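Keep the structure open while reading.

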Amino acid sequence: MRIQWWTIRMKIISVILSYRISVIRLLKEEDNASTVLYPFENLNTKTAGLRLGEIVVFCGGSGIGKSQVCREIAYHLIKNDEPVAYIALEENVKRSIRGLVSLELNKPIHLEDVRKEIPEDKLRQAWETISTKAMFYDHWGSLQSDNLINRIRYLVRGCGCRWVVLDHLSIVVS
């Protein structure tokens, strides 16, 4: 069966027009993405907050506080009743948990002398606040990117985490 050239041309024109119409619709359509404000007012002014489905990357020199910013954002999401997958590739899970519990207690409990002065019931209460909305990935011994992607997928789909905080993206891409 032979198809005439004008038939093909009409189909192409139809697809192009359809594409143009759908792009205009996309431009006018309201965003349905869930948004949570950052815990930093000036960052909200510039970005209008965190939106589901987007990737945010913080870059800076060594020791400047990128990991602390990640903890602050994760803690802020948890306090806003948002389920978070927290993956810190340069620290173990114990350090990640202590960092988030430190924010809840407003005390640096990674320091032994500070941690010893906090009653166990306060530690337990702070951990219960964090643990209701946080999941952690213990990656030690396995940093293959396929494995990491599968774990993230599981945390999102299987555990219901809506937000993923991945500290040190550079380790993944190196």
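This is a predicted model: local features need pLDDT of at least 70, side-chain atom pairs count only at pLDDT 80 or more; totals for chains, interfaces and linings use all residues.

Residues are numbered from 1 along each chain as its sequence is written, and side-chain values use heavy atoms, without hydrogens or water.

**The largest pocket**

A pocket is an open set of points on a 1 Å grid where a 1.4 Å probe fits, with protein on both sides within 12 Å along at least five of seven lines; lining residues have an atom within 4 Å of a point. The largest pocket holds about 820 Å³, the space filled by probe spheres set on the points. Its lining has 27 residues, with Ile55, Val56, Val164, Val165 and Leu166 nearest the centre. By class, 19 are nonpolar, three polar and five charged. S5 gives the most, five residues.

These elements, DSSP runs (helices H or I, at least four residues; strands E, at least two), each supply at least two lining residues:

| Element | Residues |
|---|---|
| Strand S2 | 50–51 |
| Helix H3 | 66–79 |
| Helix H7 | 145–158 |
| Strand S5 | 163–167 |
| Helix H8 | 169–173 |

**Helix H4**

H4 covers residues 93–105 and reaches 18 Å from first C-alpha to last, close to the 18 Å expected at 1.5 Å a residue. At its start, a side-chain oxygen of Asn92 comes within 3.3 Å of the backbone nitrogen of Lys94. Val93, Ser96, Gly99, Leu100, Val101, Ser102 and Leu103 are buried (under 20% relative accessible area, 1.4 Å probe, protein chains only). The buried residues of H4 pack against H3, S3, H6 and S4 (heavy atoms within 4.5 Å). Asn106 follows H4, with a positive phi near 60 degrees.

Key. Ala, Val, Leu, Ile, Met, Phe, Trp, Tyr, Cys and Pro count as nonpolar, Asp, Glu, Lys and Arg as charged, and the others, Gly among them, as polar. The expected span of a helix is 1.5 Å times one less than its number of residues. Buried means under 20% relative accessible area, exposed over 50%, partly exposed in between (1.4 Å probe, protein chains only). A polar contact is a pair of N or O atoms within 3.5 Å; within protein, one must be able to donate a hydrogen and the other to accept it, and residues adjacent in sequence count only if both atoms are side-chain atoms.
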